[in-house]
Amino acid sequence: MLTLITKAYLTDTALNTVLDAQMVFGDHGYIREWGMQQCVRDLQISQIYEGTNGVQAQDLIGRKTIRKNGTNMTKYITEIREFFATLDNSLAIKAATLKACNEVEAITRFILQQAKGQLILLMGLR
């Protein structure tokens, strides 16, 4: 599960960064000699390799969250909480870990509630 999230985050961030760098070059960012146009092309392709980021996002939400009624995410959240319990209280990352875990849990609940509402609408039960 983390592989697709990490891949999407890194490739999207890298593309946005290289687009900013290309803007710094101005019109020269589009000239072959500087190599920026090649970086842009390569990073756009990286979003497609091993499955496009959009399709993987749909898979995460659709198959791994909604279809399994959140069981995969519940297992993941449990792993985060177990890891959290092993961290030393003096580590600054401990608070950030708990905060991220709580956010993932809240987002998962929201997604499941929205999906349930959509299913009711699709079935004409409202």
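How many aromatic pairs does the count come to? Zero, by the rule used here. Keep in mind that this is a predicted model.

Lys 94 lies over the face of Phe 84. The distance from the ring centre is 4.9 Å.

Now to the helices. Two packed helices are described by the angle between their axes and the distance between the axes. Let's take helix α1, residues 2-24, and go through two of its contacts.

Start with helix α2, residues 36-46. The axes of α1 and α2 are 9 Å apart. The packing angle is about 160°. Angles over 145 degrees count as roughly antiparallel, so that is what α1 and α2 are to each other. Their crossing is left-handed. Who meets whom? From α1 we have Lys 7, Thr 11, Ala 14, Leu 15, Val 18, Leu 19, Ala 21 and Gln 22. They meet Met 36, Gln 37, Cys 39, Val 40, Leu 43, Gln 44 and Ser 46 of α2. By class, that contact has nine nonpolar residues, five polar and one charged.

Next, helix α3, residues 53-66. Here the axes of α1 and α3 come within 10 Å. They cross at roughly 150°. The pair α1 and α3 is therefore roughly antiparallel too. α1 passes α3 in a left-handed crossing. On the α1 side, the contact is made by Leu 4, Ile 5, Lys 7, Ala 8, Thr 11 and Asp 12. On the α3 side stand Asn 53, Gln 56, Leu 60 and Lys 64. What classes of residue does the contact of α1 with α3 have? Four nonpolar, three polar and three charged.

Technical notes:
Residues numbered from 1 in each chain as written. Predicted model: local features only at pLDDT ≥ 70, side-chain atom pairs only at ≥ 80, totals over all residues. Heavy atoms only, no water. Axes fitted to C-alpha atoms, helices over the stretch in contact; angles between N-to-C directions. Helix = DSSP H or I, 4+ residues; strand = E, 2+ residues; numbered from the N terminus. Parallel < 35°, antiparallel > 145°, perpendicular 65-115°, else oblique. Left-handed = near helix turned anticlockwise from the far one by under 90°. Contact = heavy atoms within 4.5 Å. Nonpolar A, V, L, I, M, F, W, Y, C, P; charged D, E, K, R; others polar. Phe/Tyr/Trp six-rings, centres within 6.5 Å; stacked < 30°, edge-to-face > 60°. Lys NZ or Arg CZ within 6 Å of the ring centre and 35° of its normal.
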